[in-house]
Amino acid sequence: MEHLTELVGQAKNGSAHAFALLYKEIYQDLYRFAFYTLRHPQDAEDAVSEAVTDAFSQIRSLKEAAAFKAWMFRILTAKCRRKLKQYVDKTEELEETIPGKSRDWNEDLDVRQAFFSLSQEERLILSLNLFAGYTSQEIGGLLKLPSGTVRSKQSRALRKMEQQLS
């Protein structure tokens, strides 16, 4: 953690190399979050790319070095929400692949189908919690919802998925 704090300090002083190392540390988490939120690999890559570009240009505004990851996810969340608004009416066949380790593809497909059957808001809440590590209070702040409402929506979403998977 101390190493990351030092890298944030260097990045705030203009070191592109330090920022690149920070980005390398969290890229997988950023991509997973964007992919599961947007459901499309290219859109996820675009959202991550836009978030990283914005973060690099605004790194000096980051007050707490320890908050770098959360700060990045706040930027990415805003990018994902904008993209979701852009294609509310857009329908298109999406790929069912995500880079990762070898797995049981049938089980992965079932989990993915259950996840994608949820509403956009439910997917966003689950993604923020499971992939980005946000608490219900933090998610509530991002989505302008009471933390109790976030917990209720998350619980209902998980129950929906569980029912589909059983």
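Biologist: Which residues do the ring pairs link into a cluster?
Modeller: Ring pairs join Y23, Y27, Y31, F35, Y36, F115 and F116 into a cluster, where rings of Phe, Tyr and Trp (its six-membered ring) pair if their centres lie within 6.5 Å, with planes under 30 degrees apart counted as stacked, over 60 as edge-to-face and the rest as tilted. This is a predicted model, in which local features need pLDDT of at least 70 and side-chain atom pairs count only at pLDDT 80 or more, while totals for chains, interfaces and linings use all residues. Residues are numbered from 1 along each chain as its sequence is written, and side-chain values use heavy atoms, with hydrogens and water left out.

Biologist: How many aromatic pairs does the structure hold?
Modeller: There are 12 aromatic pairs in the structure, and one of them is formed by F19 and F68, which sit edge-to-face at 6.1 Å centre to centre with 85 degrees between the planes.

Biologist: Where do F19 and F68 lie?
Modeller: F19 is in helix α2 (residues 16–38) and F68 is in helix α4 (residues 68–86), so the pair ties together parts that are 49 residues apart in sequence. Helices here are DSSP runs (H or I, at least four residues), as strands are (E, at least two), and they are numbered from the N terminus.

Biologist: Is F19 buried or exposed?
Modeller: F19 is buried, with a relative accessible area of 5%, and F68 is buried too, at 6%; buried means under 20% relative accessible area, exposed over 50% and partly exposed in between, using a 1.4 Å probe and protein chains only.

Biologist: And what do F73 and Y134 form?
Modeller: F73 and Y134 form an edge-to-face aromatic pair, 6.4 Å centre to centre and with 90 degrees between the planes. This pair links distant parts of the chain, with F73 in helix α4 and Y134 in the loop between α6 (120–130) and α7 (136–143), 61 residues apart.

Biologist: Switching to helices, at what angle do α7 and α8 pack?
Modeller: α7 and helix α8 (residues 147–165) pack at about 105 degrees, with their axes 8 Å apart; axes are lines fitted to C-alpha atoms, for helices over the stretch in contact, and angles run from 0 to 180 degrees between N-to-C directions. That makes α7 roughly perpendicular to α8, since angles of 65 to 115 degrees count as roughly perpendicular, under 35 as roughly parallel, over 145 as roughly antiparallel and the rest as oblique.
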